[in-house]
Amino acid sequence: MRSLFRSKQLQFSTTDHIKHLHSPSNKLGFGIRTVVTTSRAVLLPRFGSADVLEVRDDVRVPDLKPNEVLVRARAVSVNPLDTRVLMRAGYGRSLFESLLPLILGRDVSGEIAAVGHSVQTLKVGQEVFGALHPTAIRGTYTDYAILSEDQLTQKPATLSHVEASAIPFAALTAWRALKSTARITKGQRVLVVGGGGAVGYSAVQLAVAAGCVVSATCESESIDRLLAAGAEQALDYTSEVISF
Ligand SMILES: NC(=O)c1ccc[n+]([C@@H]2O[C@H](COP(=O)([O-])OP(=O)(O)OC[C@H]3O[C@@H](n4cnc5c(N)ncnc54)[C@H](OP(=O)(O)O)[C@@H]3O)[C@@H](O)[C@H]2O)c1
């Protein structure tokens, strides 16, 4: 099946470094709470090309804060933010240099391994997907990612972990543009430039779901996909002169 977006996805299968502790936290008082102390991760020790990335097996997993959730990653996606022109190469250097080594990666899909004590809406074992904030320095390229409760939601059963991991960061970018900036409302006409891309394809679907009448530009290969997603028009910018 064609990937939903253009982000590249990685799937992990790993050796876990887990110790199990008996905890009185479940209803019966005999629950097993999983505490992960170290995990595999891809570290960025300095800015540069892909060659500087290091896979380590024993990266410490910090303790959870009350609102945080430990996610056993089943798939993560590679966002342009993480790659050569941006964070890996030194984008945000003044902010991040003193914090190296970083773990890159924004998106994750997986199962909840542990929750902080104030987490209300998610529970251990649940399948979830979500995205970290752009400035997070412990990213998702690790077997055990830590996100806050409000950065995760239940993964639909109809999506694989690979598919789900390609969605959140790009879709939230589209959501913010449409809802917070453009403040779209039902019945408005919306034009999405670059409707075939990760952000654009999300924007088309979100605008259609909000009841807007959507036109999009794209290459010819994306036209059917955009019309199937509910766009009223999909215009091939490589063969039509489009003026606004
Ligand atoms: N991905 C994210 O999470 C994210 C987050 C924040 C900001 N952004 C920004 O959002 C923008 C889109 O990112 P993306 O990840 O969606 O990129 P993408 O997947 O590469 O999509 C870019 C889109 O732009 C279209 N395009 C390229 N040249 C064009 C042209 N000359 N005229 C019209 N359309 C053209 C492409 O169309 P074809 O496919 O038809 O070639 C493609 O659909 C970028 O500026 C990115 O920096 C992205």
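Pro-101 sits in the loop between α1 (93-96) and β6 (102-103), and a cis peptide bond with omega of about 0° joins Leu-100 to Pro-101. The structure is a predicted model, in which local features need pLDDT of at least 70, side-chain atom pairs count only at pLDDT 80 or more, and totals for chains, interfaces and linings use all residues. Residues are numbered from 1 along each chain as its sequence is written. Helices (H or I, at least four residues) and strands (E, at least two) are DSSP runs, numbered from the N terminus.

**Strand β5 and its partners**

- Let us start with β5, which spans residues 68-78 and is mostly covered, with ten of its eleven residues buried. Here a residue is buried if 20 or more other C-beta atoms lie within 10 Å of its own, exposed if 12 or fewer, and partly exposed in between, with C-beta atoms placed from the backbone.
- Strand β9 (residues 144-148) runs antiparallel to β5, and five bridges join them. Two strands pair if DSSP finds at least two bridges between them.
- Along this pairing, Arg-72 has Tyr-144 of β9 as its bridge partner, and Leu-70 stands opposite Ile-146 in β9.
- Four of the five residues of β9 are buried, so β9 is largely enclosed by the rest of the structure.
- β5 also pairs with strand β7 (residues 107-115), in the antiparallel sense and over six bridges. Ala-75 has its bridge partner in β7, namely Ser-109.
- As background, strands of a sheet pair through backbone hydrogen bonds, either parallel or antiparallel.

**The parallel sheet**

- An open sheet is formed by three strands in the order β11-β12-β13, with parallel pairing.
- β11 (189-192) and β13 (233-236) stand at the edges with a single partner strand each, so one side of each is left without a neighbour in the sheet.
- On average, neighbouring strands of this sheet are turned by 15° against each other, direction ignored.
- Four bridges hold the parallel pairing of β11 and β12, and Leu-191 has Ser-215 in β12 as its bridge partner.

**Around the ligand**

- The ligand is surrounded by 18 residues, and the closest are Gly-194, Gly-196, Gly-197, Val-199 and Glu-219. A residue is near a molecule or strand if its C-beta atom, placed from the backbone, lies within 6 Å of it.
- Two or more residues of this shell come from each of α3 (168-181), α4 (198-209) and β12 (213-218).
- By type, the shell divides into eight nonpolar, eight polar and two charged residues. Ala, Val, Leu, Ile, Met, Phe, Trp, Tyr, Cys and Pro count as nonpolar, Asp, Glu, Lys and Arg as charged, and the others, Gly among them, as polar.
- Glu-219 lies in the loop between β12 and α5 (223-228). Glu-219 counts as partly exposed because it has 15 C-beta neighbours inside 10 Å.
- Glu-219 and Tyr-237 are 18 residues apart along the chain, and their C-alpha atoms are separated by 6.3 Å.

**How α3 and α4 cross**

- The axes of α3 and α4 come within 8 Å and cross at roughly 55°. That makes α3 oblique to α4.
- Axes are lines fitted to C-alpha atoms, for helices over the stretch in contact, and angles run from 0 to 180 degrees between N-to-C directions. Angles under 35 degrees count as roughly parallel, over 145 as roughly antiparallel, 65 to 115 as roughly perpendicular and the rest as oblique.
- The crossing in which α3 passes α4 is right-handed. A crossing is left-handed if the near helix is turned anticlockwise from the far one by less than a right angle, and right-handed if clockwise.

**Exposed residues to look up**

- Arg-183, in the loop between α3 and β11, has a phi near 50°, a positive value in a residue other than glycine. Arg-183 is exposed, with 8 other C-beta atoms within 10 Å.
- Gln-154 is found in strand β10 (residues 152-154) and is exposed, with 12 other C-beta atoms within 10 Å. Gln-154 and Val-128 are 26 residues apart in sequence, yet 4.3 Å apart in space, C-alpha to C-alpha.
- Asp-224 belongs to helix α5 and counts as exposed, with 10 C-beta neighbours inside 10 Å. The C-alpha atoms of Asp-224 and Ala-234 are separated by 8.1 Å, with the two residues ten apart along the chain.
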